[in-house]
Amino acid sequence: MRRRYLVAYDVSDAQRLRRTYRVMNGFGDPVQYSLFVCDLSPVERQIMHERLTAVINLKDDRVLIVDLGAADSRLAASFDVLGRQLAIGRDSYQATVI
């Protein structure tokens with residue numbers, strides 16, 4: 001079963017920031033600067049974790065991974081957006097634009 005994750009990162013070095021973005025771009029959709037939504041299997045989540053750990057500096061940087069629940073649940077598909085519409089490629093996200 002796939003689960004939906006919200007992944008945010010705070011990386012202090014420009015080169016590591018670009019590498020982190022490239023890693024994350026392979027696992028999910030960017031929804032904001034340094035913020036991705038990812039639908040992942042347990043194996044994919046572990047691979048993402050290992051690749052992020054290899055890229056970031058664990059003393060200076062931070063990655064926050066929030067489990068939003070089953071990828072097909074209503075909770076995982078709901079976002080409130082203030083301002084511009086989300087530019088993401090999946091139809092499963094139901095954004096409320098305020």
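Biologist: Is serine 41 buried or exposed?
Modeller: This is a predicted model: local features need pLDDT of at least 70, side-chain atom pairs count only at pLDDT 80 or more, and totals for chains, interfaces and linings use all residues. Residues are numbered from 1 along each chain as its sequence is written, and side-chain values use heavy atoms, leaving out hydrogens and water. Buried means under 20% relative accessible area, exposed over 50%, and partly exposed in between (1.4 Å probe, protein chains only). Serine 41 has 18% relative accessibility, so it counts as buried.

Biologist: Which residues is serine 41 in contact with, leaving aside neighbours within four places in sequence?
Modeller: Serine 41 sits in the loop between strand 3 and helix 2. Contact means heavy atoms within 4.5 Å. On that rule, the partners of serine 41 are Met1 and Arg2.

Biologist: In what order do the elements of the protein chain run?
Modeller: Helices (H or I, at least four residues) and strands (E, at least two) are DSSP runs, numbered from the N terminus. The chain has 2 helices and 6 strands. From the N terminus on, they run β-α-β-β-α-β-β-β.

Biologist: How far apart are the end C-alpha atoms of helix 1?
Modeller: The expected span of a helix is 1.5 Å times one less than its number of residues. Helix 1 covers residues 14-25, so its 12 residues should span 16 Å. The model agrees, with its end C-alpha atoms apart by 16 Å.

Biologist: Why do the buried residues of helix 1 lie on the same side?
Modeller: The buried residues here are Arg16, Thr20, Val23 and Met24. The arc is that of the directions from the helix axis to the C-beta atoms. These residues lie on the same side of helix 1 because they cover an arc of only 95 degrees.

Biologist: Which residues of helix 2 are exposed on the face turned away from its buried side?
Modeller: Met48, Leu52 and Val55 are buried in helix 2. Their arc is only 60 degrees around the axis, which puts them on the same side of helix 2. They pack against strand 1, helix 1, strand 3 and strand 4 (62-70). The face turned away carries the exposed Pro42, Val43 and Ala54.

Biologist: Which residues does methionine 48 contact, leaving aside its neighbours within four places in sequence?
Modeller: Methionine 48 is one of the buried residues of helix 2. The contacts of methionine 48 beyond its sequence neighbours are Val7, Met24, Phe27, Cys38, Leu40 and Ile65.

Biologist: How far apart in space are valine 11 and aspartate 60?
Modeller: Valine 11 lies in the loop between strand 1 and helix 1. Its relative accessible area is 10%, so valine 11 is buried. In sequence, valine 11 and aspartate 60 are 49 residues apart. In space, C-alpha to C-alpha, their distance is 7.3 Å.

Biologist: What is the phi of serine 34 near?
Modeller: Serine 34 is in the loop between strand 2 (29-32) and strand 3. Most residues other than glycine have a negative phi. Serine 34 has a positive phi, near 60 degrees.
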